[in-house]
Amino acid sequence: QVQLVESGGGLVRAGGSLRLSCVASGRTFTGYTMGWFRQAPGKEREFVAAITWSGGSTVYADSVKGRFGISTNTAKATVYLQMNSLKPEDTAVYYCAAGVWPLGGENDYWGQGTQVTVSS
């Protein structure tokens, strides 16, 4: 059974940083794309960042480019999202996803989400 377990969310002031972690288990993720999405209250889920399991390729949403960094540690089966220069508009539930690019489809695996709140 595939499991994606996120952690690292919390409350931070604008300009601060957080690092989210997603521990993946239950199958081999070689060849998969791992990603982060977020959903703010009253808004649709949106793509944040993605990375190949090997870490060779990354892609970011324009809204986070230059502020967020995605990385993997395959030995720990963990995907990270380093979030710097946080803004109140980054407030959302952040979800980890795994699947075939492009992510966001019904066949992807999803975590339960972790709340990130950025105060002004």
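**Close-ups of rings, sheet and disulfide**

**View 1. Phenylalanine 29 and tryptophan 53 are both buried.** Buried here means under 20% relative accessible area, while exposed is over 50% and partly exposed is anything in between (1.4 Å probe, protein chains only). You're looking at a predicted model, so local features need pLDDT of at least 70 and side-chain atom pairs count only at pLDDT 80 or more, though totals for chains, interfaces and linings use all residues. Residues are numbered from 1 along each chain as its sequence is written, and side-chain values use heavy atoms, with hydrogens and water left out.

Searching the whole structure turns up six aromatic pairs. In one of them, the ring centres of phenylalanine 29 and tryptophan 53 are 5.4 Å apart with the planes at 35°, so this pair counts as tilted. The ring rule takes Phe, Tyr and Trp (its six-membered ring) with centres within 6.5 Å; planes under 30 degrees apart are stacked, over 60 edge-to-face, and the rest tilted. Phenylalanine 29 sits in the loop between strands 3 and 4 (33–39), and tryptophan 53 in the loop between strand 5 (46–52) and strand 6 (58–60), so the pair ties together parts 24 residues apart in sequence. Strands (E, at least two residues) and helices (H or I, at least four) are DSSP runs, numbered from the N terminus. Ring pairs also join Phe29, Tyr32, Trp53 and Tyr109 into a cluster.

**View 2. Phenylalanine 37 has arginine 45 over its ring.** The charged end of arginine 45 is 5.5 Å from the ring centre of phenylalanine 37. To count as sitting over a ring, NZ of Lys or CZ of Arg must be within 6 Å of the ring centre and within 35 degrees of the ring normal. With 5% relative accessibility, phenylalanine 37 is buried, whereas tryptophan 110, at 27%, is partly exposed.

**View 3. Four strands make an open, antiparallel sheet in the order 1-3-8-7.** Strand 1 (3–7) and strand 7 (68–73) are the edges, each with a single partner strand, so one side of each has no neighbour in the sheet. On average, neighbouring strands here are turned by 15° against each other, direction ignored; axes are lines fitted to C-alpha atoms (for helices, over the stretch in contact), and angles run from 0 to 180 degrees between N-to-C directions. Two strands pair if DSSP finds at least two bridges between them. As a reminder, strands of a sheet pair through backbone hydrogen bonds, either parallel or antiparallel.

Going across the sheet, strands 1 and 3 pair over five antiparallel bridges, and leucine 4 has alanine 24 of strand 3 as its bridge partner. Strands 3 and 8 pair antiparallel over six bridges, with arginine 19 standing opposite glutamine 82 in strand 8. Strands 7 and 8 also pair antiparallel over six bridges, and there isoleucine 70 has leucine 81 as its bridge partner in strand 8.

**View 4. Strand 8 (residues 78–83) is mostly covered.** Five of its six residues are buried. The hairpin of strands 7 and 8 has four residues between the strands, and alanine 77 takes a positive phi near 50° there.

**View 5. Cysteine 22 and cysteine 96 form a disulfide.** Their sulfur atoms are 2.1 Å apart, against a cut-off of 2.5 Å between cysteine sulfur atoms. The bond links distant parts of the chain, 74 residues apart: cysteine 22 is in strand 3 and cysteine 96 in strand 9 (residues 92–99). The S-S torsion for cysteine 22 and cysteine 96 is about -80°, so the disulfide is left-handed. Cysteine 22 and cysteine 96 are both buried, and cysteine 22 has 0% relative accessibility. Leaving out neighbours within four places in sequence, cysteine 22 has contacts (heavy atoms within 4.5 Å) that include Trp36, Ala77 and Cys96. Cysteine 22 and alanine 77 are 55 residues apart in sequence but 8.3 Å apart in space, C-alpha to C-alpha.

**View 6. Serine 21 is in strand 3 (residues 18–25).** With a relative accessibility of 14%, serine 21 counts as buried. Not counting residues up to four places away in sequence, serine 21 touches Val5, Glu6, Ser7, Trp36, Thr78, Val79 and Tyr80.
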